[in-house]
Each structure stands twice: as structure tokens, then as C-alpha cells.
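Thanks for coming. I have one structure to go through this morning, and I will keep it short. Please look at the screen.

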Amino acid sequence: MTTLTITDFATQSNSNNATNKEWRKLQKLWHEIDKKQARNQRYEKKVSDFFEQFKGQVQTHEQSVCVAVEKYIRHLLTFIPRKTIKGSQREALYAWIEDELRALDANPFRQFSIEPLRNDFLQAVLNFSHKPLQKLNLDAEELDYFREDLADMIGEKAFSLSDEELTNLLKEPTDLKKFLEMFIQETFHDSDDETHEDTDGNAFDDDFFHHRGYSHHEHQVSSEKGLAFFKDKEITMLYRQLANRLHPDKEHDPQKKQHKKELMQQLSQAKKDKDTVAMILLAQTHLPDFEFKLDKKTFSGLQAALEDKIRQLNQAYYQQQQGSDIQNQVWKKFGGGSKHSREKTITEYALHLSNQVEELEREITELKTVKKMQSVLRSRIEQEFIYELLEHELFE
């Protein structure tokens, strides 16, 4: 059995147990890992740096939009008690408010909770729907009237209620309130399922920028052979040696202490994943006397582990590019082209946000009367109908 240091084996040209060709392949795999790790780190830094630039230029504008949208929603809520808004128009009003609430909820720059808005929306709907019954025995015509009234609020789901179920709801206002609360909660729950969490815990919708009216152009793969490269006992022994060497409590310098803390996190994750390559890399760098016993069988295991590592790094890179967190979404939307074109795009988007705040304020000012609201609702219903018609023809 041959004994080599990890540095020796990376550049070894001859071995009694492995051919020169096998050593060259091993060396090539090792260098490939270095290249792919550097590539992943560059991409992560590029995306992170660009997001900081983006946030610095648009965060204040985004927060202003959030405040304006909240004011806009509260203005829409004032139309719920208007009895002359009914039928499909009332349904469209509720859908409109729900859309605005979803968009506001999805904004990762929002600095306030939207629960008060949701509760006020629910309460306004409940207050409008509460009509005291003069008698308990309702005929079919009266039930149809209440069913249509309920459908104005929750859509076609109301028509699935039997006469008996509807009668029981109307007899007990508390049951009706619970029913409507459940419906609205389900509506928001469905929309939450379509959002993603970013690294700060903020929900971020894939269609966030689209909704805003702005357009501009872990699963790991491994083999059993690779995982079995080190036995559990050997992994534990190597872990202890590295942990003793890297423990941050042994450092007094704040920078070195932080660096060792990060290394310990890498070490703990490597042990958890049985990532033999990561363990060897740490040992190579931080254990000067580290020796690696290499025979034919172990050589084969190391090769499998290196190949596994390359697949994992490639998959990590793909996941980085496909990530739905806010940093990746911002990069996908605004990160194309040259540095100059990116700066120009961010400036244009910031201007778009400022214009949007002005537009919301203008709509609030103009949307004062029920007659005006009915006109807007008719227009929204027509647009929705045209959209559904085009969508139907597209998929015919």
C-alpha cells in the first residue's frame, strides 16, 4: 500500500497500484472540481452584488408603491357597502381587491403586515352580506335570491350549496360568518402556495414584475461507491482532527475567529453529507501532516467521489440559475446585457415605480362615484372575457 499526502496524489505521475493514465484522470477530476467551485462562487457573488445595487436604487420606490397600494385597496373597500354594485360587478370588485392583496403580499420590500387589510376586507364583506331574516321558512324563490347574493361574493361555489345548507347558513349569522371566513382564507392559502420564500423569509411571486405592469426583455446526485469511500470510523476520526484544528474558540482575532466559524460550518455539513471530497479538501489545507493511504480499491472509491462532487457542483449551479429567491429573480429580470445597459434598466424601473405611485394616486382621486366604479368594473369584466376567449382559442 502506498502512502501519499493529498498534495502528492493530486500531481502524482506514477504509482505501483494505478497507471499513469488513471492518475491523469484523477488529477483532471480534481482540477475540474476547483474550476466548478470557483464558477459557482463567481455566480453567487455576481448575483448578490447586483441585487445590492438594485436594492440601493429601487428599495425606497418599492416601499412607496406598497404604501400607495395599501391606500388604493382601502379606497376599493369603501365601495363594498354600495348596494347598487351587484351581480358580476360585485364579484369583479371582490376579485380585484383579492388581486391587489396578493400582489402586495408578494412584494418582498413591504415593511408592514397586510393582515389588517385582509381582516377589514373580510369584515366589509360580512357586514354587507348580513341581512336579518323575517322568517325561518324560506321558499325556493327567496333561497335563489340569497344564493345569487352569496354568489356575488364568492362566485360559483355558492351554487353548489343545497337548499338545506343555504337555509342553515342564513338562519345562523355566526355560521355564515365562519363560512365566508373559510372561503377567503382558502383563497389566500391557494395564492400562498404559488409564492416562494427568499433567503430573508419574504414571499416572492414568480409573476411579481409581470403583475406590476413592467416587462423587460436539493437533490444531490451521488453513487454508493463514492459515499463508501471513507468508513464511518475514518470520517469521525478525520472530523475530530479538523474540528480540533478549526475550532473558532481557539482564536482571539475577530476576523480569524469568523473565518474559522465558517470553516466549522463547512466541516459539519461535510460530515453530515459524508462528503469525502470536502473533508479531504479541508484536510489538505488545514492539516499539514494529513496522509492518505491509497490502494487500488481506495483509488476507485476516490474517483467515484470526485465524479459525484462534480455532478453535485453542476446541479448546484443549475439550481443557482433557476432559483426563485428574490436575488435570482432580480438578476433574471434586470441582469442581462452590459454593465451600462443594466444600470439603465434599473433606472428605468425606478422611474416606472415612481410613475406607478402617481397613477395609483390619480385613480383614487378619479374613482369617487359608484357610477364611475361601475364603469371601471364593466371594463374589467370585458377584458377578462376577452382574455379567456383568446386563451381558449390559443389552446384549441
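Helix α11 covers residues 254-273 and helix α12 covers residues 276-286; the two pack at an angle of about 145°, and their axes are 9 Å apart.

Before going further, a caution: this is a predicted model.

Now the chain as a whole. It has 16 helices and four strands. Of its 396 residues, 41% are buried. The exposed surface comes to about 23,700 Å², with 49% of that supplied by carbon and sulfur atoms.

Next, the interior. In soluble globular proteins, nonpolar side chains tend to be buried together. Which residues touch the most other members of the largest nonpolar core here? They are Phe54, Ile80, Leu93, Ile97 and Met373, in a core of 58 residues. Helix α2, residues 20-77, gives the largest share of this core, with 14 residues. Apart from that core there is another, of 28 residues, including Leu26, Leu29, Leu246 and Ile280.

Take Met373 as an example. Setting aside residues up to four places away in sequence, Met373 touches Leu76, Phe79, Ile85, Leu93, Trp96 and Leu367.

Ile310 is another one to look at, in helix α13, residues 296-322. Why does Ile310 count as buried? Because its relative accessibility is 12%, and the cut-off for buried is under 20%. Beyond its neighbours within four places in sequence, Ile310 is in contact with Leu29, Glu32, Ile33 and Lys36.

Arg118 sits in helix α4, residues 115-129. Its relative accessibility is 14%, so Arg118 counts as buried. What does the side chain of Arg118 make a polar contact with? The partner is the side chain of Asp105, at 3.1 Å.

Last, helix α14, which runs from residue 326 to residue 334. Buried in this helix are Ile326, Asn328, Gln329, Val330, Trp331 and Phe334. The N-terminal end of α14 is capped by Asp325, with a side-chain oxygen 3.2 Å from the backbone nitrogen of Gln327.

That is what I have for today.

How values were computed: Residues numbered from 1 in each chain as written. Predicted model: local features only at pLDDT ≥ 70, side-chain atom pairs only at ≥ 80, totals over all residues. Heavy atoms only, no water. Core = buried A, V, L, I, M, F, W, Y, C linked by side-chain atoms within 4.5 Å. Buried < 20%, exposed > 50% of the residue type's maximum accessible area, 1.4 Å probe, protein only. Contact = heavy atoms within 4.5 Å. Polar contact = N/O pair within 3.5 Å; in protein donor to acceptor, adjacent residues only side chain to side chain. Axes fitted to C-alpha atoms, helices over the stretch in contact; angles between N-to-C directions. Areas by Shrake-Rupley, 256 points an atom, 1.4 Å probe, with all protein chains shown as cover.
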